[in-house]
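Have a look at the model below, and keep it open while you read.

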Amino acid sequence: MRIFDPHIHMTSRTTDDYEAMYAAGVRALVEPSFWLGQPRTSPESFFDYFDSLLGWEPFRAAQYGIAHHCTVALNPKEANDPRCLPVLDALPRFLVKDNVVAVGEIGYDSMTPAEDTALAAQLQLAADHGLPALVHTPHRDKLTGMRRTIDVVRESALDPELVLLDHLNETTVKEAADSGCWLGFSIYPDTKMDEDRMVAVLKAHGTEKMLVNSAADWGKSDPLKTRRTADAMLAAGFTDDDVDQVLWRNPVAFYGRSGRLQLDAAAPGDLHEGNSILRGGE
Amino acid sequence: MTTPTREVLHDRLGDAARAWLDAALAEAGAAPGGATDDDTPTAPSSPPAWEQHFASAGRQCGQEHADAARVLLLREARADAPTLTRLYRQGTAAERRAVLLALPHLEPAPADGVPLVEDALRTNDTRLVAAAVGPYAAEHLDPHTWRHALLKCLFTGVPVDAAARLGQRAHGDAELARMLGDYAAERTAAGRPVPADLHRVLALTSRTEES
C-alpha cells in the first residue's frame, strides 16, 4: 500500500514518526506552513520557518525514504497581527521554489477583515504562480466559515479545481463538493474526523476528489491515521484501488497541478541520503 | 565534486529541458555580475528572471541535473559576491548547494565566500556539508575550520573523497592527527566502529606519506 499524506506538520514530529510512517506505507507528504502554537512576532521568524520547510525537513524525510513537499503562506491566525503582515510581500520569492506545491494553509480562523484580505491576496498569489491552494475551514463556526471561504474562492482568479478545502466533516462535505473544490478530511484521535466516520462519508459521497490526511502536528494527533483510514476502508468493503485513489492518486493529482511533485525520494541506504541524522557532537 | 559542462549537460537533457536551459542561460548572460537593482531580502517585487530560473531548475531539468544547471546559470551570470550571498541566504538546500559548488568557478573574495562555506558546515545536512568541502574550502579555509570540516564529514558520514586536495592539506598536520586519534579512541571506548575513512585521513597526516 502506498500512501501520500497531503497535510502533516513534520516539523513537530520525531524521527520515530518518520520511521513508523514509512513502515505503514507513507512514501510522500505535503507539509503546509502553519501556526506553531507560539505566536510569531516578526516576518523573519516566518522566513526561517519556510527555509526549514525547504531545507532541513525534506532532508530529514529523505533519510526515511519519504518525499517531502511543502506549501507556504501567512496563516489566518497570524494574518491578524500587523507585525506579521510583511510576510505577504515576501511570499513570491518562496512560491517559485521547486518544493513548494501550493499556497497554504490559508483560510479563516476568526473571520476578521484582516483574514479576508490575506485570503484574497494569497488566492491571487496562487493564481499568479500557477499553484493550487490549500484552504482550511475554520474550527469555530465551521459551516458559516466554509460558505464564506467558498464565496471568496468564487470571487478569486483561482479555478476551484485548484483549491483543496480541508478539515471537512459530515456537515460541510455536501456544499464543499458542490463548489467544485477538492475535498480534504483530517483524521484525528479525538476531534475533527475519525476513520469510521470517514468511511461513512466515502460511502455516501464516493472517492472522487476525496483526500485523507493526518494533519498531525504538536497537538494530540497521529501520523498513522492515513493508514488506519485505509485499513478501515478495506474492512468496510472498499477495494485496493479505491484506497489507492484516495490515499495516493487523488493527492498526486491535486498537488501535481503545480508541476513540481518529485515522488522519487531516495530510498534509505543511498550514499548521501541514507545516513541517520547525526548531531555532529554525539 | 565537479559539475558537468554545458555540452555534457546538453547531452543528458531532453528537448524541452535543453531549450529551457538555453533560454535561461541567455537571460543569465545578459545580466553581467548577476547584480540586481534591489538587493533587499524582503522586497515586494519578484526576483529577476534568471534568479527565478535558478530556483526552478530542478523541476525544469530534473533533480538529478539541478546542480549542474544551477552552477551553469551562476557562471553564465558571472554572479558577484552580493548575488551569491543573497542566493545562498534565500535559497533552498538545493540552491545553497549549487552556490557552494559554484564558488571555485567564481572565486569571490574569501571575506565573501568563506562565510557561506562556514554556514554550510554548521548544518547537519550532508548534501550541504559535502558541497562545502570542495576546492574553494581547500583554498581558503583556515586550518582550524578545515580540520573541523573534515571531522564533520567523518561524524555525518560524508565520504572524505568529497574534500578537495585532501592529501595536500592533511599532509604533516599533527593537530589533525591528534583530533582523529582522539575521535577514534572515543568511538572505541563506546564500543562503536571507527569509520574506515578516518584511518585513510590519519595515514595522510603522516609526514612520510606521499600526497
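## Inside the core

Let's start with A:Phe185, which touches A:Asp166, A:Leu168, A:Asn169, A:Val173, A:Met193, A:Met198, A:Val201, A:Met210, A:Leu211, A:Val212 and A:Asn213, leaving aside residues up to four places away in sequence; touching, or contact, means heavy atoms within 4.5 Å. Bear in mind that this is a predicted model, where local features need pLDDT of at least 70, side-chain atom pairs count only at pLDDT 80 or more, and totals for chains, interfaces and linings use all residues. Residues are numbered from 1 along each chain as its sequence is written, chains are lettered from A and ligands numbered from 1 in the order in which they are written, and side-chain values use heavy atoms, with hydrogens and water left out.

A:Phe185 also belongs to the largest nonpolar core, which has 74 residues; A:Phe50, A:Leu123 and A:Phe185 have the most contacts inside it. Such a core is a set of buried Ala, Val, Leu, Ile, Met, Phe, Trp, Tyr and Cys residues joined through side-chain atoms within 4.5 Å, and buried means under 20% relative accessible area (1.4 Å probe, protein chains only). In soluble globular proteins, nonpolar side chains tend to be buried together.

## Chain A as a whole

How many helices and strands does chain A have? Its secondary structure comes to eleven helices and eight strands, counted as DSSP runs (helices H or I, at least four residues; strands E, at least two) and numbered from the N terminus. Buried residues make up 60% of its 282 residues. The C-alpha trace spans about 50 × 50 × 35 Å along its principal axes.

## A covered helix

Helix α3 of chain A, residues 56-63, has seven of its eight residues buried. Among them are A:Phe59 and A:Arg60.

| Element | Chain and residues |
|---|---|
| α1 | chain A, 15-24 |
| β2 | chain A, 26-32 |
| α2 | chain A, 43-54 |
| β3 | chain A, 67-72 |

They also pack against α8 of chain B. Just after α3(A), A:Gly65 takes a positive phi of about 75°.

## A cavity

About 60 Å³ of space lies in the largest cavity. A cavity is a set of points on a 1 Å grid over the protein atoms alone where a 1.4 Å probe fits but cannot get out, and lining residues have an atom within 4 Å of a point. Points are joined across faces, edges and corners, and the volume is the space filled by probe spheres set on them. The lining has eleven residues, with B:Leu100 and B:Pro104 among those nearest the centre.

Definitions and conventions:
Buried < 20%, exposed > 50% of the residue type's maximum accessible area, 1.4 Å probe, protein only. 1 Å grid on protein atoms, 1.4 Å probe; cavity = no way out; pocket = protein on both sides within 12 Å on 5 of 7 lines; lining within 4 Å.
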